[in-house]
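Here is a short tour for anyone about to work with these coordinates. We begin with confidence, then turn to an interface and a pair of domains.

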Amino acid sequence: MRSLRPLLLALALLPSPRASGLDAAAVEGLGAEDSEEKIAAIRALVREGDPATLGLLKALSEEALAVSGGRVLRLDGERAFDAATGAEVVPAPPDRETVTVNNRVRRELEGAMAALRLLDPDPGVRLTAARELGDADDPELAPLLERALARETQADVRSILSLIAARSNLHSPDPSVRRGAVRALASSSDRAVVGLLQGSLDAAAEPDGGVREEARASLRLVESRLAAADVAGRLFSGISLGSILLLAALGLAITYGVMGVINMAHGELLMVGAYSAYVVQEAFARFFPHATEWYPVAAIPVGFGAAFAVGIAMERTVIRLLYGRPLETLLATWGLSLVLIQCARTFFGPNNVQVPNPSWMSGGIALAAGIVLPSNRIVIIAFSLGVLAVVWILLNRTRLGLFVRAVTQNRAMAGCVGVPTGRVDAMAFGLGAGIAGLGGVALSQIANVGPEMGQGYIVDSFLVVVLGGVGQLAGAVWAALALGVASKFLEASAGAVIAKILLLGIVVVVIRKRPQGLFAPKGRTAEG
Amino acid sequence: MAPRKSLAVRVLESTPRAGWLALGAFSLLFLGVLPALHLFTPAASRLHVSDLVITVGGKIMCYAVVAVALDLVWGYAGILSLGHGLFFALGGYAFGMYLMRSIGHEGVYQSDLPDFMVFLDWKKYPWFWTGTDHFLWALALVLVVPALLAFVFGLFAFSSRVRGVYLSIITQALTYAGMLFFFRNETGFGGNNGFTDFKRVLGFPITAPSTRAVLFMLSAALLGGTLVLGRYLVTSRVGRVLAAIRDEEPRVRFLGYDPLWYKLFVWTLSATLCAAAGALYVPQVGIINPSEMSPANSIEIAIWVAFGGRGTLVGPVLGASLVNLAKSWFTVAFPEVWPFFLGLLFILITLLLPRGVVGLATRLRRPRRPA
Amino acid sequence: MRRPIQASIGALLATALHLAPAPARAEETIKVGVLHSLSGTMAISETALKDVALMTFEEINASGGVLGKKLEPVVVDPASNWPLFAEKARQLITQDKVAVVFGCWTSVSRKSVLPVFKELNGVLFYPVQYEGEELERNVFYTGAAPNQQAIPAVEYLMSKEGGGAKRFFLLGTDYVYPRTTNKILRAFLKSKNVADADIEEVYTPFGHSDYQTIVANIKKFAAGGKTAVISTINGDSNVPFYKELGNAGLKATSVPVVAFSVGEEELRGIDTKPLVGHLAAWNYFMSLKNKDNESFIAKYRAYAKKKGLPNAAKVVTNDPMEATYVGIHMWKQAVEKAGSTDPDKVIAAVGGQTFHAPSGFVLTMDATNHHLHKPVYIGEVRSDGQFSVVWKTKAPVRAQPWSPFIPGNETKQGL
C-alpha cells in the first residue's frame, strides 16, 4: 500500500480539518483524463482535509462526477452541482461526460476514503475503514496508527489497528519493539502474516535470536489457526454442495421410490424452477420495484407450483401410460427432456438469463483468515433444511405421506388394502417435481440459468438416489451430505476432475456392498 | 441322442432362410453395388454415390453394430447399460492412437509427437502409447482393452447382484468418469481436442475414395457378421439361459445355473463388438473426442434399440439408422427447433410402439384373428 | 422374416441420402453456409453469430447482392457435436454447393472441419479469438490471435496503470485454447523476468460450476504479492466463478481478473455489480463510441426486433459478432474483386481487403497470413454489463498466428 503513505502522513500531520472550501484546482484535477493527474488531485484533496472531501471522493467512485466545459460537476439524478462550490448548475448541461475511473484510481480512492474514515466519529465506519487498511505494512504508517490507536475506544477497531501497527513495527530498528510486534502478530488470522513471520525466521534478515524464537512460536499459532479455518471453510463448502445435491435429488428419490420411474427429465424440472425465479424477479422489477429484495420469497411458491404443474402434466400424459415399464419410461422422459429444453430455448432464448441475488443474499460472513461464508449459500442450506422438514412432515404426518410410504414399501399389498395407487402415483410425482422446482429456485441464486442447466445435475441426482436408497428420507440426506463433503475434501487435495472420478468409484464400491443403497427399504425379496 | 451338429451347420441353421436371403441382398448392395457406384462412376452422373453417402452410411452402420451389441445385453439378458458408449469410444481411441502415429511428421509442428503433446511440452510418448505405431498391436488394443475393462466391471457389478435401475445408473457413472478422465489433457489422449487430422491408415491416404469405400465395406461386413453371430448366440443354449436370466433371474439360480458367467460372457462380447465398431467409426468420421463418452450419447444408444425394437437384433439396426437419419434431416430442415421434433418422436414411439418399429411391422404383417 | 425389412431399409437409406434435397439450381442466388451450433452447450455463444450473419446477408441483399446475385443462406445445426460439424460441413459444400461457410467457434469444431475444407477446397471464415498455432490456406481467421489479445492484456496488468501485478494465477478450462495461451503467456512472463514460483496454472473441467476451492486458493496465492488472475475459463463456467469471486469479497482493486472469453453476451447472465473493475481484452466492445459501431448496433437491434428474437430490446453485440460482420463483408469484396465465387480466385482476392469496422478502425486482411490486423482494447466491467475502455492500441496490430514464444515457430510465418 505504498500509495497510502503520503495520504496517511498528511492526515497524521493535521491537528484538525480546516473548514475552508475545496481547492478548485484540485477538484478540476479530478476530471482529468490522465490517471496520474487524478491520483495527484485525490491526494491534494486529502491533504486539504475539507469535510466535504469524503462525499466528493465517494461520488467519484460511483461515477457520479461529470465534466462539462472544463468544469467538474457532481450529479444527483438529473441535477448537477458544481463540485468545488456545491452550487447547483441550472440547467444541467446536456453535453457532460462522466468521469470514469479505472482500477488504479479506484484503489487510490478506496485507500483515501478508508484513511478519511479512520477518524470518523462513527465506530462502525472506523471498523470498516480499519478492515480495509488490513494489509498495510509500511513503517511510516506507525505515527498515524499510534495516533488513531490513542484516540480509539472501540475494542474491535483497536485490535485491528494494533495488528496493523505490529506489522509496521516488524521493521523497527529496536529489537524489543520487534519482539513485541511478533508477539502481537500471534493473534492474527491474516494469511499475509505467515509470509511476514517467515521473513523474521531467517537469521540474515533478523539478527536477534529472541525475536526469531518468538516468531517461530507465533508462526505455529497462526498456521494452526489458518489450517483450522481452512478445514472449516472446506466443510462449509461441502455442506453447501450437499444441500444443493439434496434439493436436486430429493424429488427424484420420492418419485423413484414410489413409482420406480427413472425420470430423465428431472433436470428440466430444476430448470423450470429456476426460470420461474427469473420470471418472478423480472415481474417484481417491473411491477413492484420497491419490493425486489423479497422476490425469492415469492419465487418459492411459483417455482414449486410451476414444476408441480409440469410434473403432473408429464405424469398424466406420458408416464401413466407407461406404468410398469420403467425402462420405457426412461426413454420417453428422455424425449420429454429434449422437448422441455427446446421450449425453454425458444421461449427464453438460448442464452443464460440473469437472476441477481437480492442484497440480503449477497456478500458473505467473513470468518477469520479470509474465509468467507457466502450468504447465498447459507440461505440455501437453511432453505434445504426447511424443505426437508416440510417433506418429512408431509411424509410422516399426513395421510398422503402414509400412502406414499406404503406404496414405496410394497405396492401390491398397499393396493390390496385399499390405497389408491394411481392417485398416489400422480401426487407423488407432482410432489417430487415440485421439490425439484424448489431446487431450481435455489440453484438460480448460485448457478447459471439456461435451457441446458438441468443436464449438469442429472448424473449427480441419480448418484444421490442410488447411494441413499429409497427406504427413507434420511438416505437421501446422508448420501447428499456425504457426496458433497467428500467431493470438496477430495477436490482440495486432488483437483476437481480426479476428485469427481474418485467419487464415482467410491459410489460404485458402496453400491456393490449395499446394492439397494445405504438406507434400503426393509423386507426381503428374492433379489436379495 | 443325435450327434451334435457341426458349428457351421448350427450357424447356418440359426438364421432362417429369409434372413440369409436378406443378408445376401444387403451384402450385394453394401459390399458391391454402392462402393462400385462410388468408385467407378463419374461424379456428375445421376448414379454416382457421393462421399457424403459413403461416410454417413459407414458411420450409421457402426452405430448399428453398437445398437445390436446393446440389444444382446439388454434385449436378451436384461441388462440395461447406459454406458455402452464408453466401450465404443475406447475402441475408437485405441485405433485413433494408431492413426495419430501414422501422421508421422506431417502434423502442424512437424515433430514425432502428435500436436497436442507438443503444446503440452511433452518430450516423449507416455508408456501406454508404446507399440501403437504397429497396426496389429493397435488392433489388439482395440479388441482387448475394452473387453478387459468390461470384464472387470462386469465381475464387480454382477457378482454383487446389483440390478435394474441401480446397475444402469452405475454404468452411467462409469462412462461419465471415463469422459471426465479423457477430457483431462494430462491423461495423454488429447483432452477436449481428441484425435483428429488423420492422414493415412495402413499407408493408404484416409481421404481417398478407395479407402473410404473399403472402410464402408468393412463396416457393412462387421454389421453382417454381428447379426449372424448374434442370431447364432440367441438361438443357442447360451441364448436360452440368457433369456431366462432376463425374465426371471432368481429362478435361473434356483435351477442351478450361475448367471454371473453367462452375463459376463455376453457383456464382454458386447463390449468387444462396440470397440470394433468404434475402431471403424473413427477413420470414417475423422475425429474422436471425449464427448463420445458422454452419458447422453449412451442414452441415445438405448433409444436406438428401443426405437427399433428390443430383443429382435434387426430392430436396433433399424432404430440406429432411422434415428440418425431423422436427426440429420431435422438439423437441416429445422435447424432452430429440431430437438423439439426429435423429442416428440421419442415420446410418441415409446407410447405408441412399445415394441419398436419392428413390433409395428410384425403387428401389421400378422392378420387380426377373430377371438 | 425380419431380414427383408432390414435389407429394404438399407436400400432406402442409400437412396434417401443419394437423392436427398438436390437443390434447384437457381441461377440468381449465391448460396452461403452458416455452420454454428444452435443447440447443445455452445448454443449460448453461437446462436448470436448465426443471427448476425443472417442480418448481414439481408443487408447485402438489400444493397444489390454480390455480383448482381442475391445471397441465399443455408443454416445447419451441428448441435455442439464435433463429428457432426465435419459432416455438416461436407454436406454444405458437396450437397448444398455453398460458395463459402461462416462458422465454428471452439477449436475442436474448427479442427474437425479442417480436413473437409482442405479436401473439398472450400472457404471458411472463422470469427472467434483462438490460440493460434494454425494457418490454413482455406481458412480466414477474423478473430484475435494471442498477440492481439492475451499478450497486450498481460502487459497492461504488469504496468503501473493496470495495477503492477507481480504474481499471476492462470486459470482456465482444460482444453487447447487455455493450454496453448497459458504456454505462450508463461514464456512471455519468463521473458519479463517473472519467476516460476510467481505463476500458478490451474485447469478445471468443462461445465465446472463450484469454484469455492479455487477462489480460496486464489486468495492464498494473492497473499504472496500483488496478484492478477488471467482467466481463460470457457463461457458458461464464468458465471459461477464471478459469483464466487463477488461473494468471497475479492475485489478488482486487490486482485484484478482479466478474462478472454467473457464479453457482453456472457455478462448478460450475471449480476455485474460485484464485478465492477474486472477486465476483459478484445478487439471490439459494444460501448465503443464511433459512427460505424452505432449504426452496427442499431441495425442489429432493428433486426432482432423484426425477427422477434427473445429479449430483442436487450440484445448486445460482441467481438465475435463484429468479426463475423467484418468477415462477410470482406468476402463480398473479395468476390467482387475476383469477379467470381470460385474458391481459388476468392482466396487469392481476400488478402489485402480493408473495411471500416465497428471497432472504430480500418481493418486489413493481411496478405500473407490470412488474419486480420486488429486493434486491442482493454475494458473494465461496468455495473450496467458494458465495458469501459481503459487502454487501447493506437493502431491495428498485425497478427502472429505462430507465436514467437513457442519454440520452433521461428521458421513458420506466412503461408
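pLDDT is the predictor's confidence in each residue, running from 0 to 100. The model is predicted, and local features need pLDDT of at least 70, side-chain atom pairs count only at pLDDT 80 or more, and totals for chains, interfaces and linings use all residues. Residues are numbered from 1 along each chain as its sequence is written, while chains are lettered from A and ligands numbered from 1 in the order in which they are written.

Chain A has a mean pLDDT of 81, with 90% of its residues at 70 or more. Elements here are DSSP runs numbered from the N terminus: helices (H or I, at least four residues) and strands (E, at least two).

In residues 14–20 of chain A, pLDDT stays under 50. Where pLDDT is low, the predicted coordinates should not be read in detail.

Now for the interface: 51 residues of chain B are in contact (C-beta atoms, placed from the backbone, within 7 Å) with 47 residues of chain C. On the chain B side, α2(B) gives the largest share, ten residues. Other contributors of two or more residues include α3 (51–74) and α7 (164–183) of chain B.

Finally, an automatic or database domain assignment gives chain A domain 1 (1–117) and domain 2 (241–457). Taken over C-alpha atoms, the centres of these two domains of chain A are 50 Å apart.

Methods
Two residues are in contact if their C-beta atoms, placed from the backbone, lie within 7 Å.
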